[in-house]
Amino acid sequence: MGPIQGTHAVTVAAFDRPGRFADLAGAFALSGLDILSIEAVSGPSHIALDTFVVKSMTRADIGTSTWASLQRHIDASLRGRLSLGVRLAERARHYDACAPTAPTSVKMESEDPFAVVLTITASDRVGLLHDIARAVTDSGLDIAAATAIVRDGRVKDVFRLVDPTGAKPDDPGLLGQLAMRLREMR
């Protein structure tokens with residue numbers, strides 16, 4: 001059970017690799033689970049530990065079929081056998097058709113000596129966390145840690161980004177392109 005009635009806390013431990021976080025976030029969304037918060041860390045042994053607090057996207061209770069679906073989606077996505085982007089876009093068209101949107105705020109801060117800190121504030125929607133994580137991965141960066149909170153239909157996601165060697169990224173062009181891509185997400 002999660003911290004609030006009707007929520008569940010799910011912890012996933014897995015070998016870390018580029019795109020794994022995006023795959024997990026997509027599997028939750030595809031299984032009909034709305035991610036309310038996340039705490040994710042990746043350690044030096046290449047093991048990532050992610051704790052998701054979720055609730056049903058609908059008013060339906062979360063039952064054994066939801067958990068079975070989540071397990072299938074996680075297994076398929078981690079094996080690269082699930083086209084998450086396409087499937088999530090279909091689900092988003094169904095659920096987000098009437099959802100209000102507000103401007104997306106993207107901040108990149110480099111005061112941290114070990115990582116660039118990316119903070120995104122946006123309207124929540126199906127697959128948003130997956131899309132953000134996929135954009136980070138596609139840019140060639142890794143997520144060393146993440147926290148996300150959803151309140152009143154708005155998300156505040158904070159990511160610590162590193163390059164593939166685990167060092168702080170220092171290419172302003174790469175970081176600028178990532179920020180631009182994230183601002184354009186709807």
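Q: How much of the chain is buried?
A: Buried residues (under 20% relative accessible area, with a 1.4 Å probe and protein chains only) make up 45% of the 186 residues in the chain. This is a predicted model, where local features need pLDDT of at least 70, side-chain atom pairs count only at pLDDT 80 or more, and totals for chains, interfaces and linings use all residues. Residues are numbered from 1 along each chain as its sequence is written, and side-chain values use heavy atoms, with hydrogens and water left out.

Q: And which elements does the chain have, in what order?
A: From the N terminus on, they run β-α-β-β-α-α-β-β-α-β-β-α, with 5 helices and 7 strands in the chain; these are DSSP runs, helices being H or I of at least four residues and strands E of at least two. The chain is as compact as a globular protein of its length, because its radius of gyration is 16 Å, close to the 16 Å from the globule rule for 186 residues (taken over C-alpha atoms, the rule being 2.2 Å times the number of residues to the power 0.38).

Q: How do strand 4 and strand 5 pair?
A: Strand 4 (residues 105-109) and strand 5 (residues 116-123) pair in the antiparallel sense over 5 bridges, where pairing requires that DSSP finds at least two bridges between the strands. The two strands form a hairpin with 6 residues between them, and S105 has T121 in strand 5 as its bridge partner.

Q: What about the box around the C-alpha atoms?
A: Along the principal axes, the C-alpha atoms of the chain fill roughly 45 × 40 × 30 Å.

Methods
Buried < 20%, exposed > 50% of the residue type's maximum accessible area, 1.4 Å probe, protein only.
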